[in-house]
Amino acid sequence: MPIPNFTDDELFLINFTKSSSANTQSNSYMWGYLVGGAVLAGFGAYQSSVPMILTAFILVCGFRIYEEMFQSKWIPLWRSIIEKYETAAMGDVEADS
């Protein structure tokens with residue numbers, strides 16, 4: 001199968017995904033806001049403070065929405081990578097026939 005011609009951004013995504021430290025970076029960020037939100041909610045529950053619990057909920061939801069918005073910008077690049085691989089694989093299959 002011929003190697004597709006990827007753009008710099010596509011190569012960045014491929015190399016980032018292949019990296020063993022890529023998952024660690026994402027997890028530490030996630031754990032940061034989840035633990036922070038849980039601690040805030042715990043103090044709010046302990047002190048019977050509805051505003052503090054609501055703030056913890058908004059904090060976790062806000063960071064999660066930010067993550068989704070950040071990740072959605074990469075979807076077109078992932079689609080392009082997959083299409084290029086499919087095209088290269090189909091060309092290889094047709095050459096074998």
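Predicted model: local features only at pLDDT ≥ 70, side-chain atom pairs only at ≥ 80, totals over all residues.
**View 1. Arg-64, Glu-67 and Glu-68 are linked in a network of salt bridges.** The closest N and O atoms of Arg-64 and Glu-67 are 2.4 Å apart, while the N to O distance in the salt bridge between Arg-64 and Glu-68 is 2.5 Å. Arg-64 and Glu-67 are three residues apart in helix H3, so about one helical turn separates them; Arg-64 and Glu-68, which also both lie in helix H3, are four residues apart, again about one turn of the helix. Arg-64 is partly exposed at 36% relative accessibility, whereas Glu-67 is buried at 10%.

**View 2. A salt bridge joins the side chains of Glu-10 and Lys-84.** The N to O distance of this contact is 2.8 Å, and the search of the whole structure that includes it finds three salt bridges. Glu-10 is buried, with a relative accessible area of 2%, whereas Lys-84 is partly exposed, with a relative accessible area of 24%.

**View 3. Phe-6 and Tyr-85 form a tilted aromatic pair, one of the five aromatic pairs counted in the model.** The ring centres of Phe-6 and Tyr-85 are 5.3 Å apart, and the angle between the planes is 55°. Phe-6 lies in the segment before helix H1 (8-18), and Tyr-85 lies in helix H4 (residues 75-96), so this pair ties together parts that are 79 residues apart in sequence. Phe-6 is buried, with a relative accessible area of 12%, whereas Tyr-85 counts as partly exposed, at 36% relative accessibility.

**View 4. The rings of Tyr-33 and Phe-63 form a stacked pair.** The centres of these two rings are 5.3 Å apart and the planes meet at 5°, so the pair is classed as stacked, given that planes under 30 degrees apart count as stacked. Tyr-33 lies in helix H2 (residues 22-46) and Phe-63 in helix H3 (residues 50-72), so the contact ties together parts that are 30 residues apart in sequence. Tyr-33 is buried, with a relative accessible area of 6%, whereas Phe-63 is partly exposed, at 33% relative accessibility.

**View 5. Phe-12, Phe-16 and Trp-74 are linked into a cluster by ring pairs.** This view shows the aromatic side chains of Phe-12, Phe-16 and Trp-74 together, as members of one cluster linked through ring pairs. The count for the model comes to five aromatic pairs, among them the tilted pair of Phe-6 and Tyr-85 and the stacked pair of Tyr-33 and Phe-63.

Key:
Residues numbered from 1 in each chain as written. Heavy atoms only, no water. Phe/Tyr/Trp six-rings, centres within 6.5 Å; stacked < 30°, edge-to-face > 60°. Helix = DSSP H or I, 4+ residues; strand = E, 2+ residues; numbered from the N terminus. Buried < 20%, exposed > 50% of the residue type's maximum accessible area, 1.4 Å probe, protein only. Salt bridge = Lys/Arg side-chain N within 4 Å of Asp/Glu carboxyl O.
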